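Thanks for coming. I will walk through one structure this morning and keep to what can be read from it.

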Amino acid sequence: MSAGRVTAEELVAQALAARQRAYAPYSHYAVGAAVLAADGSVILGCNVENAAYPATICAERVALTSAVAQDKRDLVAIAVATENGGSPCGACRQVMAELGPRMTVYITNAAGDYRTTTVRDLLPDWFTGEDLV
Ligand SMILES: [Zn+2]
């Protein structure tokens with residue numbers, strides 16, 4: 001990883017810590033996310049559920065949209081933490097493609113065993129703003 005001094009292991013650890021803040025009273029599937037910006041800053045997210053289920057937002061989209069709000073637009077990596085190392089959902093993959101298409105993606109389980117992939121590999125043949133011509 002090239003951004004600052006944040007290692008993959010450190011980013012995974014931050015996602016695991018963010019996971020502890022998840023608000024998941026319905027699914028009990030806690031998720032944490034940590035986005036690394038090119039300036040070395042890390043933006044955290046956790047899933048936040050709602051009794052009206054569609055109002056729920058995933059950890060990845062919390063972190064990614066928060067990064068935009070903090071004026072962090074050059075995103076280089078994201079770590080996603082779940083109990084079982086589950087992969088990001090389709091909606092989150094689309095938002096990754098929009099906001100961090102070149103990101104490395106670390107997907108970890110609760111024990112910190114992670115695998116490495118990319119947004120492009122998670123969402124091949126993606127739809128982007130370039131398609132809106
Ligand atoms: Zn999602």
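Predicted model: local features only at pLDDT ≥ 70, side-chain atom pairs only at ≥ 80, totals over all residues.

Start with helix H1, residues 8-19. This helix has twelve residues, and from its first C-alpha to its last it reaches 17 Å, close to the 16 Å expected at 1.5 Å a residue. Which residues of H1 are buried? They are Ala8, Leu11, Val12, Ala15, Leu16, Ala18 and Arg19. Those residues cover an arc of only 160 degrees around the axis, which puts them on the same side of H1.

Helix H2 can be described in the same terms. Its buried residues are Ala59, Glu60, Ala63, Leu64 and Ala67. They span an arc of only 125 degrees around the axis, and are therefore on the same side of H2. The partners here are E1, E2, E3 and also helix H3.

After H2 comes Asp71, whose phi is positive, near 65 degrees. In general, most residues other than glycine have a negative phi. Asp71 lies in the loop between H2 and E3, and with a relative accessibility of 64% it counts as exposed. There is another such case, Asp125, where phi is near 55 degrees, again positive in a residue other than glycine. Asp125 sits in the segment after helix H4 (119-122), and at 75% relative accessibility this residue is exposed too.

Next, the zinc ion. Which protein atoms are its donors? They are the SG atoms of Cys58, Cys89 and Cys92, at 2.3 to 2.4 Å from the ion. Along the sequence, the donor residues follow the spacing C-x30-C-x2-C. Cys58 belongs to the loop between E2 and helix H2 (59-69), while Cys92 belongs to helix H3 (residues 90-99), so this pair ties together parts that are 34 residues apart in sequence. Cys92 is buried, with a relative accessible area of 0%.

The loop between E2 and H2 also holds Ala51. Ala51 is exposed, at 57% relative accessible area. Between Ala51 and Tyr26 there are 7.7 Å in space, C-alpha to C-alpha, although they are 25 residues apart in sequence.

Now the charged pairs. How many salt bridges does a search of the whole structure find? Two. One of them joins the side chains of Glu83 and Arg19, at 2.9 Å from N to O.

Asp39 counts as exposed, at 51% relative accessibility.

Let me go back to Arg19. Besides the salt bridge with Glu83, a polar atom of the Arg19 side chain lies 2.9 Å from the backbone oxygen of Ala30. Leaving out residues up to four places away in sequence, Arg19 touches Ala30, Val31, Gly32, Ala81, Thr82, Glu83 and Ala110.

Thr82 is in the loop between E3 and H3. Is Thr82 buried or exposed? At 2% relative accessibility, Thr82 counts as buried. A polar contact of 3.3 Å connects its side chain with that of Asn84. Beyond its neighbours within four places in sequence, Thr82 is in contact with Arg19, Tyr29, Ala30, Val31, Thr108, Asn109 and Ala110.

That is the end of the tour. I can take questions now.

Key:
Residues numbered from 1 in each chain as written. Heavy atoms only, no water. Helix = DSSP H or I, 4+ residues; strand = E, 2+ residues; numbered from the N terminus. Expected span 1.5 Å × (residues − 1). Buried < 20%, exposed > 50% of the residue type's maximum accessible area, 1.4 Å probe, protein only. Arc of directions from axis to C-beta. Donors = N, O, S within 2.8 Å, 3.2 Å for Na, K, Ca; no water. Polar contact = N/O pair within 3.5 Å; in protein donor to acceptor, adjacent residues only side chain to side chain. Contact = heavy atoms within 4.5 Å. Salt bridge = Lys/Arg side-chain N within 4 Å of Asp/Glu carboxyl O.
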